[in-house]
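Hi everyone, thanks for coming. I'd like to walk you through one structure today, starting from the inside. Here it is on the screen.

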Amino acid sequence: MAAAEHAVTIHDERSMELPLLPPNQALEALKDVFCGSAAGMAGKVIEYPFDTVKVRLQSQPDHLPLRYTGPLDCFRQSIRADGIRGLYRGINAPLLGAAVENSCLFFSYRLFQDILRSTWYSSTTEDLPFTALLISGAASGSITSIALTPIELVKCKMQVPVNGAARAAPGTLSIITSIFRHDGILGFWRGQLGTFIRETGGGAAWFGGYEGVSGFFRMRAASKRQNTSEPVTIPIYQQMIAGAAGGISYNFLFYPADTIKSRMQTEDVIRPGHGGKQTFLSVGKTMWQQQGLRSLYRGCGITCARSAPSSAFIFSVYEALRGSIS
């Protein structure tokens with residue numbers, strides 16, 4: 001009878017066991033949604049001014065003289081024009097996006113690990129190998145990209161200054177209405193390929209960086225202990241180092257896809273009335289021909305700099321909340 005609690009047995013010419021996922025998925029999902037949302041929103045408040053600068057650097061048209069010479073110049077011009085408040089312009093959509101993104105990431109990451117445990121690695125009770133964690137991270141990122149693209153589209157359009165001093169900055173509702181009026185419901189997924197590439201590869205890099213570094217710290221701690229039966233926990237500063245490593249890996253490795261996505265999503269703002277919209281490949285080809293790899297990594301330095309504390313904070317808050325309600 002005990003075996004029936006963990007598997008379904010089908011009687012035919014031979015017996016076959018179908019592995020089941022853990023029965024408390026609903027409760028675990030609620031924990032992931034709550035903890036991931038709280039951690040993501042807290043991290044977004046920290047990183048948002050840097051993200052605004054990144055998008056403004058990425059969206060500069062190469063056919064005109066660059067408006068900003070670098071991150072510091074962009075900060076200076078932005079604060080002079082709109083104050084600190086201007087760097088937080090459009091944060092409502094990203095706050096929602098951070099809640100959606102991180103809750104989806106952490107929930108689907110754990111879900112895919114459970115799926116792998118119940119299928120490919122059903123014969124082992126040990127932790128999943130690192131390759132399985134990378135697969136789970138990539139899968140979670142690919143799913144999250146579908147929910148994230150519309151939110152990032154609105155965010156990017158709000159972050160880029162409009163051309164012409166007389167034009168008022170549009171609000172969130174007016175941008176959403178404009179997108180739907182011109183491109184229909186599918187218009188909200190403009191730049192989806194760039195988001196998919198960034199989030200799929202980035203999910204593997206984000207979780208892989210965190211798991212790899214935190215695993216290294218746990219291995220070092222275990223080697224110094226006499227009793228190896230108890231689970232190894234690492235201090236908060238090591239969790240933050242692991243989170244920072246994940247954030248830098250995520251942003252640096254797949255930054256070109258994010259740059260092309262941002263250019264696609266803001267081209268009607270920086271070049272109003274210029275004609276038909278370009279594809280992901282055509283935008284990437286144009287940017288490569290004009291300034292090579294440099295144009296695809298414009299703003300990468302400040303992005304990695306802000307992602308380190310942000311990701312460190314997200315993972316630490318998530319782990320703390322998850323541990324407190326387990």
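Let me begin with a question: which helices each supply at least two residues of the lining of the largest cavity? They are α1, α3, α4, α6, α7, α8 (255-270) and α11. By cavity I mean, on a 1 Å grid over the protein atoms alone, a set of points where a 1.4 Å probe fits but cannot get out, and lining residues have an atom within 4 Å of a point. Helices are DSSP runs of H or I with at least four residues, strands are runs of E with at least two, and both are numbered from the N terminus.

A word on the ground rules before going on. This is a predicted model, where local features need pLDDT of at least 70 and side-chain atom pairs count only at pLDDT 80 or more, while totals for chains, interfaces and linings use all residues. Residues are numbered from 1 along each chain as its sequence is written, and side-chain values use heavy atoms, with hydrogens and water left out.

Now the overall layout. The protein has 11 helices and 2 strands, and along the sequence the pattern reads β-β-α-α-α-α-α-α-α-α-α-α-α. Of its 326 residues, 48% count as buried; buried is under 20% relative accessible area, exposed is over 50%, and partly exposed is in between, with a 1.4 Å probe and protein chains only. Contacts here are heavy atoms within 4.5 Å. Among contacts with a separation of 6 or more, 78% join residues 24 or more positions apart.

Back to the cavity. The structure holds 1 cavity of 30 Å³ or more, and the volume of the largest cavity is about 470 Å³. For volumes, grid points are joined across faces, edges and corners, and the value is the space filled by probe spheres set on the points. This cavity is lined by 35 residues, and Lys-44, Glu-47, Glu-101, Tyr-250 and Arg-306 are the closest to its centre. The lining divides into 11 nonpolar, 12 polar and 12 charged residues. In that count, Ala, Val, Leu, Ile, Met, Phe, Trp, Tyr, Cys and Pro are nonpolar, Asp, Glu, Lys and Arg are charged, and the others, Gly among them, are polar.

Let's stop at Lys-44 for a moment. This lysine sits in helix α1 and is buried, at 11% relative accessibility. Neighbours within four places in sequence aside, Lys-44 contacts Pro-94, Leu-95 and Ala-98.

Next, the open side of things. A pocket is an open set of grid points with protein on both sides within 12 Å along at least five of seven lines. How many residues line the largest pocket? The lining has 31 residues, with Gln-113, Asp-127, Glu-211, Arg-218 and Glu-319 nearest the centre, and the pocket volume is about 1,000 Å³. α6 gives the most to this lining, with 9 residues, and the classes are 14 nonpolar, 8 polar and 9 charged. Gln-113 belongs to helix α3 and is buried, at 11% relative accessibility. Sequence neighbours within four places aside, Gln-113 touches Leu-128, Leu-133 and Ser-136.

On to the packing. A nonpolar core is a set of buried Ala, Val, Leu, Ile, Met, Phe, Trp, Tyr and Cys residues joined through side-chain atoms within 4.5 Å. The largest one has 17 residues, and Phe-106, Trp-206, Phe-207, Ile-314, Phe-315 and Tyr-318 have the most contacts inside it. α3 gives the most to this core, with 4 residues. Looking beyond four places in sequence, Phe-207 touches Leu-105, Phe-106, Tyr-109, Gly-137, Ser-140 and Phe-315. Apart from this core lies another, of 8 residues, including Ile-151, Met-158, Ile-175 and Phe-188.

One last item: cysteines. The structure holds 0 disulfides, a disulfide being a pair of cysteine sulfur atoms within 2.5 Å.
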